[in-house]
Structure formats: C-alpha cells, structure tokens
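Could you look over this structure with me before we discuss it? My notes are set out below as numbered points.

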Amino acid sequence: MHIALLPLDERPVNTRLPADVAAIAGARVSLPDTGLLPSMRTPGKVGLLGQWLLDQRMDAAVVSVDMLVYGGLIPARTTSDDTLTVLERLDVLRRLRQARPGLPVSAVSLVTRASDSYHGDEEPSYWPRFGRELHAYGGLLHRLHLADLTGDEPPADEHTGRIPAEIRSDFELRRLRNHVVNLEVLRLLAEGVVDPLLVTADDTAVHSAGSVEQSWLRHWARSLDPAGTLLMYPGADEVGAVLVARALAAQHGRTIRIRVVGGDPAGLDAVAPYENLPAAEGARRQILAAGARVAENGENADVVLVLHTPDPRRTDWLGTPPVPDAVAVAATIRAVREADAPVALADIRHANGGDPELVTALQAEGLIDGLVAYGGWNTAGNTIGSVVAAAVATVIGSRENTLDRTAARRLLLHRLTEDYGYQAIVRATGPDAAAAGRRLAPILRGLDPDWTIGDVAFPWNRSFEIDFTLARREPRGQHPDETFVDEGTARD
C-alpha cells in the first residue's frame with residue numbers, strides 16, 4: 001500500500017514516525033521534498049505542497065490541514081495570512097476529490113493551542129511577556145461561556161486588564177481565523193470530500209480557549225450530521241501516524257479489537273497534563289481514530305493497551321520533577337503480565353518522558369521483548385496515539401503476512417531509547433549531538449546489544465526533541481569476529 005502524507009511539520013515524529021508505522025505492515029509512505037516543508041517558524045511552500053498532493057499516485061492520502069493552508073504547525077500560530085487566502089487553499093482537497101473520486105482522504109486540523117508558559121519559540125512574538133496570561137484569559141472566556149449557558153454567577157475577570165488590548169485582539173483574531181478554517185473543514189467532511197476528520201487540540205486544558213472552540217465545532221457537527229467520521233480529542237504530533245494506521249486498517253477490512261487496561265484502574269479517570277479528557281476516554285478516541293475499536297468486557301482482544309496511568313501529582317520532566325513510585329510500577333508490571341493478548345504499553349505516568357523505574361522493571365522481568373509497542377513521549381495523547389498506531393500496524397502485518405519484524409523491532413527500540421533514554425535521562429545535557437550519542441549508546445546496548453545508534457541530531461536546534469538512526473548489526477557468516485553489516489536505518 002502507498003500512502004501520501006502531507007505532515008503537520010518537518011520534525012521526525014510527523015514525518016518518519018508515520019513511515020515507520022507503515023513499514024511494520026509492509027506499506028510505504030511518500031512525503032514532500034524537504035525543500036517544500038517548513039523550517040520551524042518559516043512556513044512551507046503552501047502552493048507547491050498542494051500541487052504535490054494532487055500529483056501523487058497513491059492508494060490513500062493523509063492530510064494535515066495546518067500544513068496545507070498555513071505551511072505547518074508553527075505558521076498556523078504565527079503567520080498573518082488573511083482568512084479568505086487560507087480558505088482558498090482548502091480547494092486543493094475538493095480538486096483532489098474531483099480528480100480521484102474513490103480515493104480515501106483522511107484529514108486532521110488542529111485547534112490552536114494557547115501554551116501555559118512564557119516560551120516563545122513556537123508562538124507569536126508577545127508570548128514571552130504575556131503567554132501565561134493569554135492562556136488564563138482563554139480559560140476565563142471558556143468559563144464565561146459556560147456561565148452564560150447555565151445562568152451561574154460568572155467568574156471574576158482577573159486577566160483582561162493584564163494584557164494590552166492590541167495583543168488580546170491579535171490573539172483572538174488569529175484564533176478566529178483558525179476556527180473558521182476548522183468550520184470549513186467540517187463542511188468538507190459533510191460534503192464527503194474528506195473522511196475521517198480529526199480535530200485535535202494541541203497542549204490544551206479542561207478550561208481553555210481551545211476546549212470551548214471544540215464545543216462550538218461539536219454543535220455544528222450535530223447540526224450537519226455528516227455521514228463521515230469526526231473525532232475530537234487531545235493530540236497533535238502523533239496524528240499522522242494514527243491516520244496512516246487507519247488507512248492500513250481500512251484496506252485490511254477486518255476488525256481490530258484493543259482492550260484498554262490501567263495499571264492503576266482509578267488512574268484511567270485522571271486527566272493528564274496538557275489534556276482535556278480522562279486517560280481512558282482519550283485512549284478510546286485514539287483507538288477509533290486508528291481504525292480499530294475498543295474490546296468489550298468478555299470479548300477477545302487482538303491487543304491489550306496497558307496505560308501506566310498519570311501520576312496524580314501531575315509530574316512533568318520539564319517542570320515538576322517525577323518521584324519514583326514502586327507501587328504504581330508494580331501495578332503496571334502486573335497488568336502487562338496478566339494481559340490476555342499481546343501488550344502495547346503507553347507510559348503516560350509523567351509528561352514529556354517515560355518512567356525510568358517502569359522500564360528498569362520491564363527489563364528485570366524480561367518483558368520488553370514481548371511488547372508490541374512502547375511510547376512515553378510528550379503528552380499522553382502523543383504517547384497513546386503512537387502506541388496504538390504501531391499496534392494496529394502489527395496486527396495487520398501479522399494477519400496479511402506482510403509483517404516486517406525488523407521494522408517493528410526498530411520502532412520499539414527507538415521509542416524506548418528516545419522516550420526513556422533521552423527524554424527522561426539524557427536531555428539535561430542540552431542539544432549536544434555528540435554528548436547525547438555517547439550517553440544513549442550504552443542505554444541502547446542495555447535494551448538490545450544487536451543494535452547501534454548514529455546520526456544524532458536536533459531538528460529544531462533545541463533539546464526538546466532529538467533525531468537519530470538505529471541500525472541492526474548482523475554477522476556476515478558464522479564467525480562472531482566477522483564484521484557487521486547494516487540492514488538499513490529508519491528515522492522516527
């Protein structure tokens with residue numbers, strides 16, 4: 001199967017991770033040339049990207065609306081293109097539908113985030129001065145909207161006066177433009193131009209500017225009652241991989257059942273940092289988005305998705321330091337051991353990195369090699385979606401006899417090396433490729449001595465995300481002293 005992907009941005013999680021998921025099932029993903037893609041704050045070449053999509057010979061298309069109309073994730077937050085201009089760029093999808101009436105076209109469009117921070121590298125220029133105030137202002141507007149609906153006493157306004165009027169205006173006008181785009185993409189779903197449509201929320205909260213916009217979109221979804229599938233939930237960088245898995249599942253045509261289990265069952269109701277849904281509900285929507293369904297009680301499952309559930313202290317490797325919790329680790333290990341089907345493990349205990357205590361326990365118990373997938377990066381939605389995508393691809397590859405075991409092993413080891421090794425242990429060294437490579441090499445050897453790490457790089461020249469390749473070493477003959485050959489590398 002050949003899938004054309006217009007990714008959210010140029011980072012490996014949005015480009016190589018979807019390709020690695022497809023490779024597990026023996027499929028191929030095509031991407032635009034790097035010269036067409038954005039470079040962090042510099043937008044991609046939107047006109048040429050649209051033409052690239054129209055020119056592809058493919059079995060399915062996965063399209064990031066943010067890339068198509070703004071030129072990428074960060075340009076969606078920072079550029080000043082007017083609403084009419086960006087709406088006109090959506091016509092590429094209508095032209096694609098007219099040219100290829102039976103082509104499956106999946107789309108994802110983001111609800112713009114309002115980061116609860118003063119970090120400005122991904123935001124408009126005023127974020128280092130007013131970022132947290134703007135986040136709180138969005139939450140205030142959401143609460144005011146709810147008070148209007150219920151007749152309750154409106155909350156006190158402690159935020160508006162702290163933000164200059166021109167900055168509030170710019171903040172809301174950007175959001176209004178992006179909300180209009182989301183409404184128009186919902187129209188495309190109702191017209192049958194795209195199906196499914198995922199409207200996901202990047203770095204959100206229960207009360208936030210993005211959460212209230214999702215509620216308005218739900219109103220229009222109910223009104224239009226589109227025949228296609230609409231899903232809304234927290235997520236962003238994992239969605240390309242999820243929709244690739246869904247395209248594989250649609251071609252496969254058979255039901256894939258995934259059971260959701262929490263190491264701590266009470267933790268399934270917890271809302272993780274940067275999310276606006278309980279963990280179990282987020283997992284359910286990720287499973288549906290990937291073209292599978294949740295296994296009911298008493299029903300056989302193809303995969304058990306074990307959640308190492310969120311720490312109630314809301315720990316974050318970029319903020320609140322995680323505290324070891326032997327009880328939580330033991331509970332998750334028990335859930336892995338007692339699973340009645342192959343296990344995909346979503347390590348969402350801490351935001352922005354895996355739980356070292358859990359991975360150490362998995363190694364000690366000899367459980368890592370039996371995992372279908374592992375993830376523990378960034379937000380809970382990022383982790384769960386990428387784990388579900390790899391699990392779906394593995395089930396399909398096994399059933400269709402197209403499973404690439406080397407690709408599956410590479411992705412499992414890459415996520416362990418990055419999410420546990422880099423994000424939770426090595427990241428403090430900063431964006432030093434040589435130092436990171438030296439420290440990650442023994443971690444990888446501890447996971448599997450038959451693999452090596454190379455080509456370490458930092459895509460946006462910051463320590464938040466890392467890129468590297470993994471290569472498997474195989475002896476040329478029976479002699480252990482013979483040199484090794486590289487079976488190939490893949491970035492995720």
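The points that follow go from the sheets to the cores, and then to the charged residues.

1. Basis of the note. The model is a predicted one, in which local features need pLDDT of at least 70 and side-chain atom pairs count only at pLDDT 80 or more, whereas totals for chains, interfaces and linings use all residues. Residues are numbered from 1 along each chain as its sequence is written, and side-chain values use heavy atoms, with hydrogens and water left out.

2. The six-stranded sheet. Helices (H or I, at least four residues) and strands (E, at least two) are DSSP runs numbered from the N terminus, and two strands pair if DSSP finds at least two bridges between them. On that basis there is an open sheet of 6 strands with parallel pairing, in the order β2-β1-β3-β4-β5-β6. Because β2 (28-30) and β6 (230-234) stand at the edges with a single partner strand each, one side of each has no neighbour in the sheet. Neighbouring strands are turned against each other by 20° on average, direction ignored; here axes are lines fitted to C-alpha atoms, for helices over the stretch in contact, and angles run from 0 to 180 degrees between N-to-C directions.

3. Details of that sheet. Strands β3 (residues 60-64) and β4 (residues 105-111) pair in the parallel sense over 4 bridges, and Val62 has Ser106 in β4 as its bridge partner. Helix α11 (residues 279-289) lies across β5 (197-201) and β6, running at about 135° to β6, where contact means heavy atoms within 4.5 Å.

4. The five-stranded sheet. A further open sheet, of 5 strands, has the order β8-β7-β9-β10-β11, with parallel pairing; its edge strands are β8 (293-294) and β11 (371-375), each of which pairs on one side only. Within this sheet β9 (residues 303-308) and β10 (residues 343-347) pair in the parallel sense over 5 bridges, and Leu305 stands opposite Ala344 in β10. Helix α14 (residues 380-400) lies across β7 (257-262), β9, β10 and β11, at about 160° to β11.

5. The nonpolar cores. A nonpolar core is a set of buried Ala, Val, Leu, Ile, Met, Phe, Trp, Tyr and Cys residues joined through side-chain atoms within 4.5 Å; buried means under 20% relative accessible area, exposed over 50%, and partly exposed in between, with a 1.4 Å probe and protein chains only. The largest core has 64 residues, and those with the most contacts inside it are Val21, Ile258, Leu305, Leu307 and Val392. Helix α14 gives the largest share of this core, 11 residues. A second, separate core of 37 residues includes Ala4, Leu93, Leu189 and Ala221.

6. Which side chains does the side chain of Asp9 meet in polar contacts? Asp9 is found in the loop between β1 (2-6) and α1 (12-24) and is buried, with a relative accessible area of 1%. Its side chain makes a polar contact (a pair of N or O atoms within 3.5 Å; within protein, one must be able to donate a hydrogen and the other to accept it, and residues adjacent in sequence count only if both atoms are side-chain atoms) with the side chain of Arg11 at 2.8 Å, and another, of 2.7 Å, with that of Asn14.

7. A link across the sequence. A salt bridge is a side-chain nitrogen of Lys or Arg within 4 Å of a carboxyl oxygen of Asp or Glu, and by this rule the count comes to 34. One of them joins the side chains of Glu465 and Arg11 (3.0 Å, N to O). Glu465 lies in the loop between β12 (451-457) and β13 (467-475) and Arg11 in the loop between β1 and α1, so the pair ties together parts that are 454 residues apart in sequence. Both Glu465 and Arg11 are buried.

8. Helix α15. Of the 22 residues of α15 (residues 405-426), 20 are buried, so this helix is largely enclosed by the rest of the structure. Asp404 caps its N-terminal end, with a side-chain oxygen 3.1 Å from the backbone nitrogen of Thr406. Glu418 counts as buried at 3% relative accessibility, as does Arg415 at 2%.
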